[in-house]
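Subject: Structure handed over, with notes

Dear colleague,

I am passing on the structure below, together with my notes on what was found in it. Please read the notes with the coordinates open beside you.

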Amino acid sequence: MMKHLLAQNENPFGPLPSVRAALVRAIDGLNRYPEFRPASLTRTIAAWQGVQDSEVIVGTGSAGVAHDLFRGLLRPGDAVLHSDPCFDVYPMLCAMAQAESVAVPLGADARHDLAAMAGRIDERTRLIVLCNPHNPTGTVYTWDELTAFFALVPPSAVILLDEAYVDFAPDLGAPEVAGRLADWPNLVVLRTFSKSHGLAALRIGYALANAEIVERVTPHQVPYTPGQLQLAAVQAAIAADDEVRQRIRLISYQRDRLRGKLVELGWSVTPSRTNFLWITAGDPARLDLARAALERHGVAARTYPGRAIRLAVGDQVANDAVITALSTLKNESTMPVDVTLDHIELYVEDIASQIDRLTTGYGFDLLIPPSRRAGYEEQLSALLGQGGIRILLTQPLCAEHPAAGYLRRHGDGVADIVLRASDAGAVYTELIERGADGLSRPAGRAGCVVATVSAFGDVAHTLLERAPGVPADRIPGLPDPRSPGEGGVGLRTIDHFAICLPLGELDKTVRRYNEVFGFSTIFSERIEIGALGMDSTVVQNADRTVTFTLIEPLSVNSGGQIVTFLADHGGAGVQHVAFDSHDIVETVGTMARRGVPFLRAPEVYFDRLLDRLTPMRHSVQQLQDLHLLADQDHDGQLYQIFTRSEHPRGTLFFEVIERARARTFGSNNVRALYEAVELQNSARESTGSLGSPGSAE
């Protein structure tokens, strides 16, 4: 559970004592309807701001007032200019009003690019939205800078100046609102009691504008809102202005303190004149790590994927939690070693049955038939291939072979993730100097150089160098391979490996791949579903051919598939290998017809799918027919399905994945599947039948 809610720019203080008392008194009138039009609240705000009653619009928060403005001022086809990014509500309101949303990127200083906005004004422009201070960056313009832009706006376009955070920046040089409206008849000033006054739950917003604009908007407002609670709170809040300003000073102090600490830690934090901070990083992946670190420390933040994190300023306890979380992430990086994925080696009990399974169901070609491997202990090995995937199967022929011990401990499984190197000897030396555990020193065999270092658990990394002119798929000690055919089922590459680690092993395994192998950390998150959960971090080599999703359970008693794997497998290991496909519908359909068993998602998963996303590449019906899962991130969508394990211990299986530009790994599917299973089981319980969540693992 999140202890520090810093995602919505809320004031960390509760209601002022006088506001609380006023609300208690107003409760006695809750049996009475409020005024049809909020005349009393309008008069209160007008007197406070020094304008006429006819120049005030009140509504349900600034978002509600903005909604009324869009309804009253726009017609379908009109254009609205706003920044990118901006307050999320504005693009939504454009869609609701059937107006074109014209998003103009911010300038390099994280402020409105006013020159670019002026250049986008045309005859269809009816509304221009400016946030000052800006949401979500916290930057500001002076009044002189704004009015220079106002002069470029034709009278046919209304300027909506959103000043939700203006109380945190009192020195912008702007005149009183009455003077502004007199000078700029097409100006609307939008404000709220949610931020500096800390009344977000009461939803009190207001706009100050020319009476003609107010008259156009009022007919579009819902009657009987706001009510007497809002009136009582506003009157008390206005009367307590000194206390409100004292709280603003406290929040501003905490904001500047927090920003200073984060800058000291190496984070880029835009100077802010609001109650929030805009945190950026040169590497978008570092933002993913920051978000995950904040979540682990109970901090809820607003993320702008690939761009920034926005953090509200909380109380000192919350702000210290932010500092602690982000101090765990370092800027240092280790130069990557020059390796790329070559092939994987599986130790197997029965090589013939595995060849049959992978060629028949998965469409692999047999590139090297089962052969004794010269120079190695008693074993049979065979190489299979499809697209860019190469799988070496090895069956031991004596009890003393290393594979025999592996099989006793784990059963069939991935024992070696072989990395191709242009100079295996140099890479081995570099890895040993960085702290790798060497298993076998570089040695020349059949025009190749091989060396081995430890990876995790009982899995190794063999470094393989092939001399110029050596066949691309040569495996030392085996006959040269034949070329793969053009058949197959559409599997192209290995997308990633999912690796389960015992509790307490994740951080040090990540550090080993960062510091020894020079892999980059590209993603990190925590998933909690009731008592179940896991922490995961994804590391990747420089050419992105080796991607490890490293996973550990939240606790040894949390249950779930990670704990089960570790118990059944006997420690750390590869839980599944994910194969990439260009068209998952075609690939999985073919594999299913060939007899590959897949896990089946419950029907309710697909009933709820459109609540999460609209599939881009395949129809919901196609996904449902094949039980394909769909997920999305800020870059795109992915589609995935897992084979049902045919391993005697149930510990090794495969995934088929299609990426439509998505970079993440389907974590939302984990939550969606568990929710769907719970719903399905609840429905079955009501009819006296129980479902099994195992179908959605």
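The axes of helix α2 (residues 39-49) and helix α9 (residues 228-239) come within 9 Å of each other and cross at roughly 20 degrees, where axes are lines fitted to C-alpha atoms, for helices over the stretch in contact, and angles run from 0 to 180 degrees between N-to-C directions. α2 and α9 are therefore roughly parallel to each other (angles under 35 degrees count as roughly parallel, over 145 as roughly antiparallel, 65 to 115 as roughly perpendicular and the rest as oblique). The crossing of α2 past α9 is left-handed, meaning that the near helix is turned anticlockwise from the far one by less than a right angle, whereas clockwise would be right-handed. On the side of α2 the contact is made by Ser40, Leu41, Thr44, Ile45 and Trp48, and on the side of α9 by Gln230, Leu231, Val234, Gln235 and Ile238, contact meaning heavy atoms within 4.5 Å. Sorted by type, the residues of this contact are six nonpolar, four polar and no charged (Ala, Val, Leu, Ile, Met, Phe, Trp, Tyr, Cys and Pro count as nonpolar, Asp, Glu, Lys and Arg as charged, and the others, Gly among them, as polar).

This is a predicted model, in which local features need pLDDT of at least 70 and side-chain atom pairs count only at pLDDT 80 or more, while totals for chains, interfaces and linings use all residues. Residues are numbered from 1 along each chain as its sequence is written, and side-chain values use heavy atoms, with hydrogens and water left out.

As to the whole chain, there are 22 helices and 29 strands, taken as DSSP runs numbered from the N terminus (helices are H or I of at least four residues, strands E of at least two). The C-alpha atoms fill a box of roughly 95 × 60 × 50 Å along the principal axes, and 55% of the 697 residues count as buried (under 20% relative accessible area, with exposed over 50% and partly exposed in between, for a 1.4 Å probe and protein chains only). Among contacts between residues at least 6 apart in sequence, 69% join residues at least 24 apart.

Two sheets deserve a look. β3 and β4 run parallel and are joined by six bridges, and leucine 81 stands opposite valine 102 in β4.

The antiparallel strands β12 and β13 (residues 308-312) are joined by three bridges, with threonine 303 opposite isoleucine 309 in β13.

The peptide bond from aspartate 84 to proline 85 is cis, with omega near 5 degrees, and proline 85 sits in the loop between β3 (79-84) and α4 (89-96). Arginine 544, in the loop between β24 (532-540) and β25 (547-553), has a positive phi of about 65 degrees and is exposed at 64% relative accessibility. Histidine 627 also has a positive phi, near 60 degrees, but is buried, with a relative accessible area of 6%.

Methods:
Pairing = 2+ DSSP bridges.
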